[in-house]
Amino acid sequence: MSQSLKQIKNRIRSIENTRKVTSAMQMISATKLSRIDSYLSQSRPYAQRLTILLDKLLQGRTASGNPFLRKDEAKGKILLCVVTSDNGLCGVYNNNVIRLAEEFISRYERNKVKLVVIGKKGYAYFRNYKEAVLHTYVGLNGKYSDKVSREICKALCQAFLTAEADEVYIAYTRFKNALTNKAVVEKFLNIDCKEAQEIGYILEPNEARILEELIPEYLSAKTRLMLLESFTSEHASRLMAMRTATENAKELLTGLILLRNKVRQANITREIIEIVSAAEALKG
Amino acid sequence: MASLKSRVPPKIMEKDFLLTILCPDKKLYEGRIKSLIVPSELGYLGVLANHAPLITNLVPGKITIRNPSDEITVLHAHGKGFLEVFKNNVTLLVSAA
């Protein structure tokens, strides 16, 4: 046998420890996921209704003085908000969203793209962009907070309103179910007016006033939803990654335990043979 | 007489309508109700069944709901909100309640 019994025992012990850690992390992720998932599913209807309402109001209308509806024909400066996680060990979650963001950036001239990065992993990756990174938000650890969401929304709107960016996009991970989630890039601002006929609503007090209230609410709901979607996906990916790790550890362990037993048996057999042959020699 | 008759709609008018109240983090209310009173920006506004399509924004205040068995529920809205009435389908969006 190439490995001594002691070495094998050591390996078994260390794999056992790793398995304990990964299965603990799996359980933690599972509880976090179920909590944030229910939060997400309860938050979706509000944002969806708000979007529908806004779409209805904007049907067939041209920019009506609202700063958020500003239309820039010359597409110039782009702001991209990338949502990543703070901690690793969550499979391809960060890679997917960062790769998508990279692809998006490469479509534009590099000096025209500014970034807002959420999460340590994204920050570490986009550090070499230096002055292109306007804001970074780290230390969220997959926990949603209204305060941070509001801050991010404000920062994105600010950049748009001060004409620092002509268009704002968000790269985040949309949560479908615990097994599938998809990295997407979505337009945040400016808001496009859609071409369609009116349904004939009574607007009270008037359109401009409603839009003035509706658009900020819509934007904050959208920011909220995108953060929740991302965090839910993060927990789901971590859960999957940890489950795979635990399973792999189990597989390794069964193999190693078999090997250990074989080696031990071989050692015993060898010793018996030694003793027997020594006894034979003494007799003769 | 004939003109009066023609004003009566051919189909039976519904007496109640569907109300959905949504908050950013939960669904506050869903069900068929008889009447609704909301604090719109221009003052309190009552909605009954078969209301014309309407979109308005709300201010903080009391939301009064009367269900088909005439029980009254009062909710308090603390933040901004929006009301959409469309074909007996009323959606209330409130940012805090």
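View 1. Of the contacts in chain B with a separation of 6 or more, 47% join residues 24 or more positions apart; two residues count as in contact if their C-beta atoms, placed from the backbone, lie within 7 Å. This is a predicted model, where local features need pLDDT of at least 70 and side-chain atom pairs pLDDT 80 or more, while totals for chains, interfaces and linings use all residues. Residues are numbered from 1 along each chain as its sequence is written, and chains are lettered from A, with ligands numbered from 1, in the order in which they are written. Chain B holds one helix and nine strands (DSSP runs numbered from the N terminus: H or I of at least four residues for helices, E of at least two for strands). Starting at the N terminus, the order is α-β-β-β-β-β-β-β-β-β. Of the 97 residues in chain B, 30% are buried (20 or more other C-beta atoms within 10 Å of a residue's own; exposed means 12 or fewer, partly exposed in between, with C-beta atoms placed from the backbone).

**View 2. A look at I37(B).** You'll find I37(B) in strand 3 (residues 35-40) of chain B. Because 17 other C-beta atoms lie within 10 Å, I37(B) is partly exposed. Leaving out residues up to four places away in sequence, I37(B) touches Y44(B), G46(B) and T64(B). T64(B) is 27 residues from I37(B) along the chain, yet their C-alpha atoms are separated by 5.0 Å.

**View 3. Helix 1 of chain A.** Helix 1 (residues 5-58) has 54 residues and reaches 74 Å from its first C-alpha to its last, close to the 80 Å expected (1.5 Å times one less than the number of residues). At S43(A) helix 1 bends by about 25°, and P45(A), a proline, follows within four residues; the bend is the angle between axes fitted to the seven residues ending there and the seven starting there.

**View 4. The largest nonpolar core.** This core has 85 residues, and among those with the most contacts inside it are L80(A), V82(A) and L214(A). A nonpolar core here is a set of buried Ala, Val, Leu, Ile, Met, Phe, Trp, Tyr and Cys residues joined through C-beta atoms within 7 Å. Helix 5 (residues 207-283) of chain A gives the largest share of the core, 17 residues.
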